[in-house]
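Good morning, everyone. Please bring the model up on your screens, and let's walk through it together.

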Amino acid sequence: MEDKISRLTRVFNPRAVAVVGDKAQTNYMWLNSQSEFKGRLYSVNIDSREFEGIAALGVKNYPSLMEVPDDEIDYVIVAVPREVSPIILRDCIKKGVGGAMFFTSGFAETGEEKGIQLQQTLTKMAKEAGKRGFADGRRKVAACAVSRLEHRYADRSAPPDRIDGADSRFRARG
């Protein structure tokens, strides 16, 4: 099993990043946020309506994380509906991903039984796999701020050190 330092090094200094669930509706915000990333970048999306747009960005798309040919994906950016999150986390665990950030809402914060159950499921899966998770957005941003990962607004003219916006994006630099 990978030690904590090695896992954090992979997450904060990724050589391979996968983006799961990006779409034209958001102008491929997550893939575009990786435009200056120097490592290997992959897209994972099952919606055939998105294939052309992803290809236009010069990014190879795969129908599942398990089908990405890279044996060492360091970091995964996940933007999928909450119901799909356990499937993506399962694949991240199976694939041996260094870390993943889920930009998904609708869990315990909603107070809904379904959201609470899904959050408990994800927490249990991560714990059983020896992974740790972040509980809220502030901690996610704090973790990113101390690394080579940069939090940026979708508007490229926004200053790179502003991290307080809801409509933001995340960029890994290699």
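A caution before we start. This is a predicted model.

First, the overall layout. The chain has 6 helices and 7 strands. Read from the N terminus, the order is α-β-α-β-α-β-β-α-β-α-α-β-β. There are 174 residues, and 45% of them are buried. As for the surface, the chain exposes about 9,800 Å². Carbon and sulfur atoms supply 52% of that area.

Next, strand E4, residues 75–78. Which strands does E4 pair with? One is E1, which runs parallel to E4 and is joined to it by 4 bridges. Look there for Val20, which stands opposite Val78 of E4. Another is E5, and E4 pairs with E5 over 4 bridges, again in the parallel sense. Here Ile77 has Met101 in E5 as its bridge partner.

So much for the pairing. What about the faces of E4: covered or open? Both are covered. Tyr75 and Ile77 sit on one side, Val76 and Val78 on the other, and all of them are buried.

Is Ala79 buried or exposed? Ala79 counts as buried, because its relative accessibility is 19% and the cut-off for buried is under 20%. What does Ala79 touch, beyond its neighbours within four places in sequence? The contacts are Val20, Gly21, Trp30, Phe103 and Thr104. One distance to note here: the C-alpha atoms of Ala79 and Lys23 are separated by 9.1 Å. Along the chain, those two residues are 56 residues apart.

On to helix H4, residues 85–95. Which residues of H4 are buried? Ser85, Pro86, Ile88, Leu89, Asp91, Cys92 and Lys95. Keep the geometry of a helix in mind as you look at that list. An α-helix has 3.6 residues a turn, so residues three or four places apart point the same way.

What covers the buried residues of H4? The cover includes strands E1, E4 and E5, along with helix H5, residues 113–128.

Pick out Asp91 in H4. Asp91 counts as buried because its relative accessibility is 7%. Leaving aside neighbours within four places in sequence, Asp91 is in contact with Leu65 and Met66. Where H4 ends, Gly96 follows, with a positive phi near 75°.

Last, the second largest pocket. Its volume is about 470 Å³. How many residues line the second largest pocket? The lining has 24 residues. Val20, Gly21, Ala79, Val80 and Pro81 lie nearest the centre.

H4 gives the most, with 3 residues. By class, the lining splits into 14 nonpolar, 5 polar and 5 charged residues.

To recap. E4 pairs with E1 and with E5. Thank you.

Methods. Residues are numbered from 1 along each chain as its sequence is written. This is a predicted model: local features need pLDDT of at least 70, side-chain atom pairs count only at pLDDT 80 or more; totals for chains, interfaces and linings use all residues. Side-chain values use heavy atoms; hydrogens and water are left out. Buried means under 20% relative accessible area, exposed over 50%, partly exposed in between (1.4 Å probe, protein chains only). Helices (H or I, at least four residues) and strands (E, at least two) are DSSP runs, numbered from the N terminus. Contact means heavy atoms within 4.5 Å. On a 1 Å grid over the protein atoms alone, a cavity is a set of points where a 1.4 Å probe fits but cannot get out, and a pocket is an open set with protein on both sides within 12 Å along at least five of seven lines; lining residues have an atom within 4 Å of a point. Grid points are joined across faces, edges and corners, and a volume is the space filled by probe spheres set on the points. Ala, Val, Leu, Ile, Met, Phe, Trp, Tyr, Cys and Pro count as nonpolar, Asp, Glu, Lys and Arg as charged, and the others, Gly among them, as polar. Accessible areas come from the Shrake-Rupley method with a 1.4 Å probe; for residues, only the protein chains shown count as cover. Two strands pair if DSSP finds at least two bridges between them.
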